[in-house]
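Hi,

Here is the structure I promised to pass on. Have a look at it first, then read my notes below.

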Amino acid sequence: MPSVYNWQIGRQMRYPYEQAAPKEQFAFVININRCIGCQTCTMACKSTWTFAKGQEHMWWTNVETKPYGGYPQHWDVKILDMLEQANPDGQRWRGKANGDSQKPYGEFRGKTVYESPEFVARGKQPNQVLGYLPTDEEWRFPNIYEDVTQHGQSKPMDFGRGEDISEGKKHRAWFFYLARLCNHCSYPACLAACPRSAIYKRPEDGIVLIDQKECRGYRKCVEACPYKKSLYRGTTRTSEKCIGCYPRVEGTDPETDGSPMETRCMAACIGQARMQGLVKVAKDTAWIEDRYNPLYYLVHVAKVALPLYPQLGTETNGYYIPPRWVPVSYLEQMFGPGVEDAVQRYRAPDRELLAVLQLFRRSNQIISRYRIEEGPRVYQTEVNGKKFEMYDDTIIAYNRSDKEIFRTKVEEPFYVRPAKHANTI
Ligand code: SF4
Ligand code: SF4
């Protein structure tokens, strides 16, 4: 059984499949603080890829309301429960998030989904990967518990360690929107579990695809994917999943003249919550330093974007800026030990972070690098007793050919509608 290095859990890990790292890796960052749950991303994907017969229940990308929502229903509670059984001593992390790029979140001491199967009584042959097959019923309600809050506390919520979220005011209730798609994992569970080797990771961009000609619909990938992002289609008797909008990422869309373009779900986001790109990775899948790639900056320099359930062990390529108003203990289980620092940094962003956050959704093209031109200080205040300054810097985005795509400023321009166009009717 090959052993691989998983930098998100800070250690070597068992992975039941031999594979090479891609040249570049598809990755994305979703800023939960900006997601308004409008489902535009969901519909952009659905209307592009899953509108045919037999795909009615397929939502390759979806937005669920946490803590109760989930598609399929309770997917995270179920897999975490199984992992808990496999880790009787708890899912423990050792060390703290720090600057070490080999172990940025410390080390996960529990067992991942690849190291657990034999510890869980399954009543049959142990599988390669810890997992379960959702019932038909669980796939039926993609929006169940939408906008349902965690509440019922007679006293204000205890936010645990760290500071209370909104400037000293305690919330009695909270929820947040978790937008999800296939993470095009570096160590995909779907791929490892397929007995037909029908699933592969593209060497050029790390996008994970199911070869429809090879698939026989055994649903091993559906069972194995801990994020439940491989789905079965009864009409074709094959499994299907997000294809990372690969024709767009390849740059074959005439709109961008050969330059890589973001996926449909990313480009459609009206909340300016999503950014997708390509990052350079080494043979061991660690990210190669690329200081001015915005994804590299958000994940490895500013460390405000964190992987979803890193303890599962698939080394996901989807990252999230955690919400500011949710108890830390809940977020830590979801995003690992880097949460508290990430929330603090996001609450009072430094000059560069504030500028990089303006890059979200200004263009459909994938941003390969950015540059900042300094502007004047326009605002200052105090956040948590510390000085906070805002500068009206200009941030400039470049595509793969190093051509400028756009430039934007930290302070958004203020437009006054002329009186003769007071409304649009
Ligand atoms: S999220 Fe699931 S379907 Fe997507 S690559 Fe990872 S294991 Fe496979
Ligand atoms: S389009 Fe953007 S803001 Fe709307 S639900 Fe999707 S991620 Fe959230």
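The shell around ligand 2 has six nonpolar, four polar and one charged residues. For these classes, Ala, Val, Leu, Ile, Met, Phe, Trp, Tyr, Cys and Pro count as nonpolar, Asp, Glu, Lys and Arg as charged, and the others, Gly among them, as polar. The residues surrounding ligand 2 are C35, I36, G37, C38, Q39, T40, C41, V63, C269, G271 and R274; a residue is near a molecule if one of its heavy atoms lies within 4 Å of it.

Before you go on: this is a predicted model, where local features need pLDDT of at least 70, side-chain atom pairs count only at pLDDT 80 or more, and totals for chains, interfaces and linings use all residues. Residues are numbered from 1 along each chain as its sequence is written, chains are lettered from A and ligands numbered from 1 in the order in which they are written, and side-chain values use heavy atoms, with hydrogens and water left out.

Now for ligand 1. Its shell has eight nonpolar, two polar and two charged residues. Among the residues around ligand 1 are C182, C185, C190, C225, Y227 and K241. C225 counts as buried because its relative accessibility is 10% (buried means under 20% relative accessible area, exposed over 50%, partly exposed in between, with a 1.4 Å probe and protein chains only).

Next, the core. The largest nonpolar core has 114 residues, and V29, Y114, W287, L298, L308, F335 and L359 have the most contacts inside it. (A nonpolar core is a set of buried Ala, Val, Leu, Ile, Met, Phe, Trp, Tyr and Cys residues joined through side-chain atoms within 4.5 Å.) Beyond its neighbours within four places in sequence, L298 is in contact with V29, K303, V304, A305, L353, V356 and F360; contact means heavy atoms within 4.5 Å.

You'll find Y309 in the loop between β13 (306-307) and β14 (318-321); helices (H or I, at least four residues) and strands (E, at least two) are DSSP runs, numbered from the N terminus. Y309 counts as buried, since its relative accessibility is 4%. Leaving out residues up to four places away in sequence, Y309 touches W75, D76, L80, Y227, Q333 and M334. Y309 and L80 sit 229 residues apart in sequence, yet 9.2 Å apart in space from C-alpha to C-alpha.

Most residues other than glycine have a negative phi, and most peptide bonds are trans. Which peptide bond is cis, with omega near -5°? That is the one from Y71 to P72. Another cis bond joins K66 and P67, with omega about 20°. Both prolines lie in the loop between β4 (62-66) and α2 (75-86). As for positive phi, K228 has a value near 55° and C245 one near 40°. K228 is buried at 1% relative accessibility, and C245 is buried at 6%.

Cheers
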